[in-house]
Amino acid sequence: MTRSVRMFGLPAVLAVTVGVLAGWQPVLLGILGMAALLVWGVWTPSRLNHTLFAVLLLVPVTADPGYPTKPVWVVLLAATAIALFGRLQRFHPDAPLASVGMSAFAVPVAGFLAALAHWRGPKDLVFALAPFVCYAVIAWHVVEEARRDPQAMKGLARAFAWVGVPVALLAIHQRLTETWPILDELAISNAFTSSAGGGRSVGTIGHPIVYGTYCMMSMCVAIALRGRLWQLPLAAGAVGLLLSGSRSAWFGIAGAAVVWYLAQERKVTLRGVGLVAAAVAAGSALVVVGPGPVQGAIEMVRSRLSNMTGSSSATARYSRYDAAWSGLRESYDTVLFGLGPEAHVRFFQQVGIGDYLAQTFDNSYLTLWYDLGLLTLLPFVALLVSLLVRSRSLVARMLVVGIAVQIFFFDFYLWPCAVAVLILAAGLAFSRDSAEEDPVQDTPVAADVLLAGSR
């Protein structure tokens with residue numbers, strides 16, 4: 001094969017093939033892309049981590065292209081298999097198996113013990129604990145890889161912050177067209193289509209709240225880890241966060257911003273004041289003279305912020321919290337052990353709350369307490385606190401606080417993208433030996449693309 005053919009012929013054939021598939025079968029293009037990413041990733045554990053987080057962060061569990069089972073289980077089991085394969089690659093018979101990464105197994109172990117107090121057969125137990133086991137395996141792998149190669153973990157975080165740039169462009173397209181391309185066609189229910197989105201964008205995630213989680217992650221990574229042109233993924237994350245209309249993510253990024261502000265040596269600088277003033281001026285100009293689509297997005301944000309304590313979603317949460325507390329207060333046993341695995345599912349199937357909104361308690365802490373008691377909730381909270389206290393990485397602390405705040409307003413257990421952000425925070429928490437982040441000039445932009453070579 002001549003040099004000119006290698007330089008121009010193969011890229012041209014590849015570009016034409018991608019173009020044809022994008023216009024003819026975009027779903028097939030996505031499947032082939034994920035397969036190619038998996039093949040690329042199996043060669044080294046560091047590359048494998050890119051594939052792992054691509055599956056967790058970018059594959060929507062609201063779309064079904066023809067999976068043999070529910071999409072969420074396909075994503076969870078695929079990610080777990082990738083993590084186990086990574087552990088197998090690192091296996092050495094002389095190396096100790098027990099490690100700090102295994103502390104994530106405290107939650108499913110505690111859940112199993114709590115479930116024994118309300119035994120209802122193995123089915124509910126398996127469905128209730130399987131996600132926690134999968135996430136524990138993934139967290140174990142990610143933490144061990146972060147301890148082995150801290151720079152690779154930070155490079156991975158920057159890479160997915162940059163991936164947020166094209167995803168933000170898709171979010172803008174979704175706002176302009178008021179459709180979710182491909183996601184509308186493959187949605188597993190009407191609740192996950194643009195008709196139920198109320199003008200909100202979802203990127204590739206399929207749900208505006210979880211897309212807000214991704215944008216929060218992008219912004220935290222961009223401003224804390226920096227790198228060349230870090231302002232671009234930061235701006236893309238901010239745009240996506242606004243277009244998602246996710247108030248829980250807005251609260252989360254506010255908490256993360258407080259952590260970032262407190263970590264700064266100089267709390268007020270002339271440059272910072274200037275940037276804030278410029279942002280306020282630009283935002284005010286858009287509010288006054290922005291084009292129609294911008295005005296529509298502003299109106300969506302305004303509606304999300306108005307009457308937050310008296311809106312339908314707020315009053316729905318009040319009803320759900322009252323129902324959960326009523327169940328928990330039945331006896332001391334329910335406080336300590338909960339009402340049993342999948343108890344909240346049975347409640348909404350048998351009793352329910354007739355407001356036609358999501359049939360969940362919309363509070364991850366309360367749901368975990370309701371199902372598996374304080375015996376399981378306390379280890380989960382302890383893991384969050386230990387990540388926050390132990391970590392000397394600013395971005396890890398920001399992500400932990402952001403997620404801890406956001407999941408107070410929705411159940412995140414079956415949203416791999418949201419849990420992946422917390423797992424990424426755990427990896428970053430164990431990826432530093434010093435308190436300072438890398439300076440900007442030490443981070444080449446070429447390392448910030450998703451398919452960069454392994455470090």
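**Exercise 1. Which span should helix H19 have at 1.5 Å a residue, and how far apart are its end C-alpha atoms?**

Some ground rules come before the solution. The model is predicted, so local features need pLDDT of at least 70 and side-chain atom pairs count only at pLDDT 80 or more, while totals for chains, interfaces and linings use all residues. Residues are numbered from 1 along each chain as its sequence is written, and side-chain values use heavy atoms, with hydrogens and water left out.

Step 1. Helices (H or I, at least four residues) and strands (E, at least two) are DSSP runs, numbered from the N terminus. H19 covers residues 416-429, which is 14 residues.

Step 2. The expected span of a helix is 1.5 Å times one less than its number of residues.

**Exercise 2. State how enclosed H19 is, and how much of the chain is buried.**

Step 1. Buried means under 20% relative accessible area, exposed over 50%, and partly exposed in between (1.4 Å probe, protein chains only).

Step 2. In H19, 14 of the 14 residues are buried, so the helix is largely enclosed by the rest of the structure.

Step 3. For the chain, 49% of the 455 residues count as buried. The chain has 19 helices and zero strands.

**Exercise 3. Describe the largest nonpolar core.**

Step 1. A nonpolar core is a set of buried Ala, Val, Leu, Ile, Met, Phe, Trp, Tyr and Cys residues joined through side-chain atoms within 4.5 Å.

Step 2. The largest such core has 117 residues, and those with the most contacts inside it include Phe53, Leu57, Phe160 and Tyr214. Helix H9 (residues 208-225) gives the most to this core, with 13 residues.

Step 3. Take Leu57 and its contacts (heavy atoms within 4.5 Å). Not counting residues up to four places away in sequence, Leu57 touches several residues, among them Phe160, Tyr214, Met217 and Cys417.

**Exercise 4. Classify the ring pair of Phe192 and Trp415, and say which parts of the chain it ties together.**

Step 1. Rings of Phe, Tyr and Trp (its six-membered ring) pair if their centres lie within 6.5 Å; planes under 30 degrees apart count as stacked, over 60 as edge-to-face and the rest as tilted. The count by this rule is 16 aromatic pairs.

Step 2. The ring centres of Phe192 and Trp415 are 6.0 Å apart and the planes stand at 80°, so the pair is edge-to-face.

Step 3. Phe192 lies in the loop between helix H8 (183-186) and H9, and Trp415 in the loop between helix H18 (394-406) and H19, so the pair ties together parts that are 223 residues apart in sequence. Both Phe192 and Trp415 are buried.

**Exercise 5. How many disulfides does a search of the whole structure find?**

Step 1. A disulfide is a pair of cysteine sulfur atoms within 2.5 Å.

Step 2. The search finds zero disulfides. For Cys215, the nearest cysteine sulfur is that of Cys417, 9.2 Å away.

Step 3. Cys215 counts as buried, because its relative accessibility is 2%.

**Exercise 6. Is Leu229 buried or exposed?**

Step 1. Leu229 is found in the loop between H9 and helix H10 (231-244).

Step 2. The relative accessibility of Leu229 is 55%, so Leu229 counts as exposed.

Step 3. Leu229 also has a positive phi of about 60°, although it is not a glycine.
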